[in-house]
Amino acid sequence: MPIPIIEASDLTKHYSLKSGAVVRALCGVSFTVGEGDAVGLIGMNGAGKSTMIKLMTGIIHPTSGTVSVMGCVPARDRRSLCRHYGVMFGQRSQMMWDLPARDSFFVNGSIYGLSSKDVLHKLEEFGHILDLDFLDVPVRQLSLGQKMICDFLLILLHEPRLLFLDEATIGLDVYNRARLLQAISYMNRQHGITMVLTTHLMNDIESVCGKILLIDKGELRYDGPLTGFLRGGDLYRRIGVEFHDSRSLDRVSRMLKEYEGIRAVAEEHVLKIYCPNDNALIRTLVASIYDNASVVEVTIANVSLEERLLEMRS
């Protein structure tokens, strides 16, 4: 079992408003993150994710309970801890706007006591992971994708053991998002860097993280493997059916009402059928569909993380 790099026990954070009201951002949350884990911190807007990041990085103090990061108390030992972790907030760049991108790496390197030779070596290493042919271009002329790639590499300069990535791919196009996710996954797998990733893009979580923490209204609803969460729902499998015409879709929709414990969602000529992980039931459903309709294609897959979350909310 991985050695815990983050430990939280009964972690609570309340905010008092001028009106006298109390906002309970976190309510008695306990969890651990092991060394080398890639953890997805997920939840709705206002669930408490940003509060957890601020507590783990020492920006704010807990109201009660404790949080330990690498054996230290973040709010008390923030100066020494920040040498061992990196933080990236999506579209909040640390790059120097009017200077070439390369210069930001040398300035940040000097903050962490790195020599120019050390920074050049790190940039050469980063060049094997990502295309960095834009480093001599002023930051203000870079695309959003190029700036966010630089911001990610910037927090790796001092070789941190732990990264907090808050909406690290927000606003990126498909190509740059894929490049950045590949780099994040590579640093986790090949260098053993622990990752805590928050995002509303569930595909990002599925492609990078092996574990998730699900926060809802300040409470921890799930702490465990991603696969365990996906399989924990009653409707774990998805049958996707594309029909030649709407009449076929209507016939199958009426037929499915005879079955208990399944859910169907229609989108134009496509029907998504959510059902338990029961191979006999799936075979029966597929056979009945072909018997009653003109079918273009049938696909069978596990539900996605986004679908599982929607199931919980419904």
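E307 forms a salt bridge with R238, the closest N and O atoms being 2.9 Å apart, where a salt bridge is a side-chain nitrogen of Lys or Arg within 4 Å of a carboxyl oxygen of Asp or Glu. This pair links distant parts of the chain, since E307 lies in helix 11 (residues 305-313) and R238 in strand 10, 69 residues apart. The model is predicted, with local features needing pLDDT of at least 70 and side-chain atom pairs counting only at pLDDT 80 or more, while totals for chains, interfaces and linings use all residues. Residues are numbered from 1 along each chain as its sequence is written, and side-chain values use heavy atoms, with hydrogens and water left out.

E307 counts as buried at 13% relative accessibility, and R238 is buried as well, at 18%; buried means under 20% relative accessible area, exposed over 50% and partly exposed in between (1.4 Å probe, protein chains only).

Strand 10 (residues 237-243) has 6 of its 7 residues buried; helices (H or I, at least four residues) and strands (E, at least two) are DSSP runs, numbered from the N terminus.

| Partner of strand 10 | Sense | Bridges |
|---|---|---|
| Strand 12 (residues 270-275) | antiparallel | 6 bridges |
| Strand 13 (residues 295-302) | antiparallel | 7 bridges |

Within these pairings, E242 stands opposite V270 in strand 12, whereas F243 stands opposite V295 in strand 13.

The count comes to 11 salt bridges, and one of them joins D223 and K211 at 3.3 Å, N to O.

Technical notes
Pairing = 2+ DSSP bridges.
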